[in-house]
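Hi,

Here's the structure I promised to pass on.

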Amino acid sequence: MKKYIAVAAVALALAAGVGVYLGSGTTEAPASTFVLLDGSKKSTSDLKGKVTLVNFWATSCVTCVAEMPKVIATYDKYKSKGYDTLAVAMSYDPPSYVVNFAETRKLPFKVAIDNTGSVAQAWGDVKLTPTTYLVNKKGEIVKRYVGEPDFAELHKLIEKLLAEA
């Protein structure tokens, strides 16, 4: 019995180590073109040089709507320090709803509509909202959140990334 417990403990330790390794690595943000509400376009390469929060959301997502004031507050807190936010509305979200939401909530950052679903597909086949990525100044994904992030933890990570050269 002790042997099985020891083997299980080693297996758990290895699994935890692999999880830490996989969770802490960075990967290049996928090449994407974002179509903004004003019709202009922004590409993944435009994200380089700033720490950027890429937030996949929908007007029909209760958690997305509830977290948006915190997303706005985070943007307002760090925008002058080299931080940006890009909100990407899901393909199933009616464009008129997205425009209405952005205007009535006075979203201060860029909002894109992923009307073909190709951006969500490129970013890991995003299906659940909110799904949020934090991208460093080099254009690498540092963290992925499914569901509302812990904003205190997110702010610490943003501050760390902003301090990097």
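In which sense do strands β7 and β8 pair, and over how many bridges? β7 (residues 131-135) and β8 (residues 140-146) run antiparallel, paired over 5 bridges; strands are DSSP E runs of at least two residues, helices H or I runs of at least four, numbered from the N terminus, and pairing takes at least two DSSP bridges. Across that pair, Tyr133 sits opposite Arg144 in β8.

Before the rest: this is a predicted model, where local features need pLDDT of at least 70 and side-chain atom pairs pLDDT 80 or more, while totals for chains, interfaces and linings use all residues. Residues count from 1 along each chain as its sequence is written, and side-chain values use heavy atoms, without hydrogens or water.

The open sheet has 6 strands in the order β1-β8-β7-β4-β5-β6, with mixed pairing. β1 (27-28) and β6 (110-113) are the edges with a single partner each, so one side of each has no neighbour in the sheet. Helix α2 (residues 62-78) packs on the sheet, touching β4 (51-57), β5 and β7 (contact: heavy atoms within 4.5 Å), and its direction makes about 155° with that of β5 (fitted C-alpha axes, for helices over the stretch in contact, N-to-C, 0 to 180 degrees).

Then there's Asp93, in the loop between β5 (83-89) and α3 (95-104).

Cheers
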